[in-house]
Amino acid sequence: MTRSGADLRIGIAGLGTVGAGTCRLLREQAELLARRVGRPLRVTAVSARDRDRSRGLDLVGVRWHDDARALAEDSEVDLVCELIGGDSVALDLVRASLRRGRHVVTANKAMLALHGAELAQLAEHNWAQLRWEAAVAGGIPIIRSLREGLAANRILGVHGILNGTCNFILTTMRETGREFADVLAEAQSLGYAEADPAFDVDGIDAAHKLALLAALAFGGRPRFDAIDIEGIRHVSAMDIAFADQLGYRIKLLGVARLTPAGLEQRLHPCMVPATAPIGQVEGVFNGVVIEGDEVGAVMHEGRGAGAGPTASAVVADIMDLARGSVVPTFGVPADELADHPIAPLAAHEGSYYIRLMVLDEPGVLADVSAVLRDHEVSIESLIQRGRNPGQAVPIVLTSHDTTEARMRDALARIGTLPKVLEPPRMIRIERS
Ligand SMILES: NC(=O)c1ccc[n+]([C@@H]2O[C@H](COP(=O)([O-])OP(=O)(O)OC[C@H]3O[C@@H](n4cnc5c(N)ncnc54)[C@H](OP(=O)(O)O)[C@@H]3O)[C@@H](O)[C@H]2O)c1
């Protein structure tokens, strides 16, 4: 609980990109923020690993804890900001703070995607608030929008570009015609990608965010374990060029929908119309589209990471709590979070882009068409470019709507045709 009217005393765990950004914003805008919430917001205690590291922060008069977990017990702290990351010390701190009835603001999507339901329950049982605007799409106020601004809508679906590193790589590949590995190296040198990029390029980071968006959109427990995840390593410059020709952009998209088969959650490269708002989200930017039954589609776009945007979201949560706002962690009371049945990816219905590398000989296309017909997959468009008799040439097909199961079976069969020289490449098309 916080003491209304008096200073809101904030403990910040983690003084890295987000933590230091948050301290700076709270200090530099102290007057404006206090005027807006009607009380001063004051950092009273902090914790990080290395006390001697120079962080460009004025921490005079601020208590330092070597053990971040001590913030949960500090009597001079009303609200704890967990900005460490991971799910060991961070999780201990959040649990301990909530148990003591202290509000928590966190940017930690990994922790929430795995332990969100438990933490939501802990918060509610102790009359504490758990806020996490910064955990999804950084500075974009998508959580508040979904939880509050669109609260009157039944949410039909959510989809979005949730990882700026991947979007930067895919955008640069399209603009320059270069391959993934080359552009990844550039992203690393620019500081947009980590030395170990797996978390980003294999889709884990975006899937954490998708699990949280889906939980909030559909009032369920976050189910990270139930997301079908595919990253962007296999996206080639050739596929991006064909997408361009077909009027699409390739984006790493997280999609969540309640379907008759259950909750569909998938995170993979998608072709989206180049002219659609989501197709226009380029570079390190994130974009999220929410489809509400009353409002229709609403898109938010902006910076998904970095000190300023993320601190902007953290401080907005702090301000909300300073005003005494109370909302359930995932939009409905924790004890009422649904366990939606999970729709298997095989049941997904949509259209597909397929690229085959085939031997340029008569009859190849007839063989491929016969397999697709046998699996009841109908072809929407076909590109067969350049003759190169006896050599490998690409054939590109897009399908009408079909099921993932049919498409996978057809591609498994096509892959065994003698004139098909490489495993078929398949990218799902998302038109809405
Ligand atoms: N960076 C972004 O743009 C961004 C965007 C959205 C969400 N997030 C999330 O925000 C969180 C923080 O990310 P970040 O980028 O700010 O990370 P970061 O730059 O690596 O900073 C982490 C901070 O935590 C401190 N720390 C690590 N272990 C600790 C421990 N056991 N006890 C106390 N402090 C400890 C570190 O201390 P030292 O400084 O002494 O090493 C450092 O100050 C993560 O959950 C991340 O997913 C980040």
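The legends below describe close-up views of a predicted model.

In this predicted model, local features need pLDDT of at least 70 and side-chain atom pairs count only at pLDDT 80 or more, whereas totals for chains, interfaces and linings use all residues. Residues are numbered from 1 along each chain as its sequence is written, and side-chain values use heavy atoms, with hydrogens and water left out.

**View A. Parallel pairing in the open sheet of 6 strands.**
The strand order is β3-β2-β1-β4-β5-β6. Strands (E, at least two residues) and helices (H or I, at least four residues) are DSSP runs, numbered from the N terminus. Two strands pair if DSSP finds at least two bridges between them. The edges are taken by β3 (63-65) and β6 (130-131); each has a single partner strand, so one side of each lacks a neighbour in the sheet. Strand β2 (residues 41-47) pairs with β3 in the parallel sense over 3 bridges. Within β3, Arg-63 is the bridge partner of Ala-45. Strands of a sheet pair through backbone hydrogen bonds, either parallel or antiparallel.

**View B. Packing of helix α3 on helix α4.**
Helix α3 (residues 89-99) and helix α4 (residues 109-125) pack at an angle of about 15°, and their axes are 10 Å apart. That angle makes α3 roughly parallel to α4. Axes are lines fitted to C-alpha atoms, for helices over the stretch in contact, and angles run from 0 to 180 degrees between N-to-C directions. Angles under 35 degrees count as roughly parallel, over 145 as roughly antiparallel, 65 to 115 as roughly perpendicular, and the rest as oblique. The crossing of α3 and α4 is right-handed; a crossing has this hand if the near helix is turned clockwise from the far one by less than a right angle, and is left-handed if anticlockwise. From α3, Ala-90, Leu-91, Val-94, Arg-95, Leu-98 and Arg-99 meet Met-111, His-115, Glu-118, Leu-119, Leu-122 and Ala-123 of α4, where contact means heavy atoms within 4.5 Å. By class, the residues of this contact of α3 with α4 are 8 nonpolar, 1 polar and 3 charged. Ala, Val, Leu, Ile, Met, Phe, Trp, Tyr, Cys and Pro count as nonpolar, Asp, Glu, Lys and Arg as charged, and the others, Gly among them, as polar.

**View C. Packing of helix α2 on helix α11.**
The axes of α2 (residues 30-37) and α11 (residues 307-322) are 9 Å apart, and the helices pack at an angle of about 40°. The two helices are therefore oblique to each other. Their crossing, α2 with α11, is right-handed. Leu-33, Arg-36 and Val-37 of α2 meet Val-315, Met-319 and Ala-322 of α11. The contact of α2 with α11 has 5 nonpolar, no polar and 1 charged residues.

**View D. Helix α5 and the buried Asp-320.**
In helix α5 (residues 142-149), 6 of the 8 residues are buried, so the helix is largely enclosed by the rest of the structure. Buried means under 20% relative accessible area, exposed over 50%, and partly exposed in between (1.4 Å probe, protein chains only). The buried residues of α5 are Ile-142, Ile-143, Arg-144, Ser-145, Leu-146 and Arg-147. These residues pack against β6, β7 (155-161), α9 (204-218), β11, β12 and α11. Asp-320 is found in helix α11 and is buried, with a relative accessible area of 11%. Leaving out residues up to four places away in sequence, Asp-320 touches Arg-131, Arg-144, Arg-147, Glu-148 and Ser-325.

**View E. The hairpin of β11 and β12, with Asn-286.**
Strands β11 and β12 form a hairpin with 3 residues between them. Strand β11 (residues 285-292) is where Asn-286 is found. The antiparallel strands β11 and β12 (residues 296-303) are joined by 8 bridges. Gly-287 stands opposite Glu-301 in β12. Asn-286 is buried, with a relative accessible area of 1%. Among the residues that Asn-286 touches, not counting those up to four places away in sequence, are Ala-137, Ile-140, Ile-161, Asn-163, His-300 and Glu-301.

**View F. Positive phi at Trp-127 and Ala-137.**
Trp-127 has a positive phi of about 55° although it is not a glycine. Trp-127 is found in the loop between α4 and β6 and is exposed, with a relative accessible area of 69%. Ala-137, not a glycine either, has a positive phi of about 60°. The loop between β6 and α5 holds Ala-137, which is buried, with a relative accessible area of 0%.
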